[in-house]
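Q: Please take a close look at one helix of this model, with attention to its packing and its charged side chains.

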Amino acid sequence: FKLPHSSPISTKRFDSTNKNEEKTRSTDSSLFGPIKRFKEKVKSFWKKYGLVAIITYQIIYLGTVAGAYISFHYELIPSFDTSSALDSIHETIVNLTNKDNPDPPKWAEDGFNKLKISSENNPKVKNLLMAVLVTEVSEPVRQVAVFLMTPPIARILGKIPK
């Protein structure tokens, strides 16, 4: 049965594959193949959207820090012990960066001690420190938000890539 003035449905769009993508999949069957393809997609995304993506990321980052700070300031989110969090971060940095010499540089030790004392004595510093820590932990969620929000923002701004 054929409708008048209709043409057969083209399946070209559905069954054609990108030759380069096919080669990549066949030659790169290692465990890291999906990671490499994901990195390429991320690079392509940043090249495609550039400044719009960077500004979107910064707005989301600053909004997350501000929202977390306000939430801690007005006790909408219960606070946590920043000194133990700083100790844990300090130990992790020391273990990762300097396995041969476990003593960190004096400037790093002084910086952590000043931050620890400031966060214990000043509630605003503690709230800001907690907000930054929460923001850093939420990095994967923020990245997904950037990838989802950037294309519509680019269309609204008229910065649709070619």
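A: A salt bridge is counted where a side-chain nitrogen of Lys or Arg lies within 4 Å of a carboxyl oxygen of Asp or Glu. In this predicted model, Glu139 and Arg142 form such a pair, with their closest N and O atoms 2.4 Å apart. Both residues belong to helix H7 (residues 139–157), where a spacing of 3 residues corresponds to about one turn of the helix. Glu139 and Arg142 are both buried.

The two residues also take part in the packing of H7 against H3: Glu139 and Arg142 are among the H7 residues in that contact, together with others including Ala145, Phe147, Met149 and Pro151. From H3, the contributors include Val42, Phe45, Trp46, Tyr49, Tyr57 and Tyr61. The axes of H3 and H7 are 8 Å apart and meet at an angle of about 115°, and the crossing is right-handed.

Trp46, one of the H3 residues in this contact, also contributes to a nonpolar surface patch of about 500 Å², alongside Leu51, Ile54, Ile55 and Ile59. Ile54 is located in H3, which spans residues 33–73. Ile54 counts as partly exposed because its relative accessibility is 45%.

The whole structure contains 2 salt bridges.

How values were computed. Residues numbered from 1 in each chain as written. Predicted model: local features only at pLDDT ≥ 70, side-chain atom pairs only at ≥ 80, totals over all residues. Heavy atoms only, no water. Patch = residues over 30% accessible without salt bridge, like charges linked within 9 Å, V, L, I, M, F, W, Y side chains within 5 Å. Areas by Shrake-Rupley, 256 points an atom, 1.4 Å probe, with all protein chains shown as cover. Helix = DSSP H or I, 4+ residues; strand = E, 2+ residues; numbered from the N terminus. Buried < 20%, exposed > 50% of the residue type's maximum accessible area, 1.4 Å probe, protein only. Axes fitted to C-alpha atoms, helices over the stretch in contact; angles between N-to-C directions. Left-handed = near helix turned anticlockwise from the far one by under 90°. Contact = heavy atoms within 4.5 Å.
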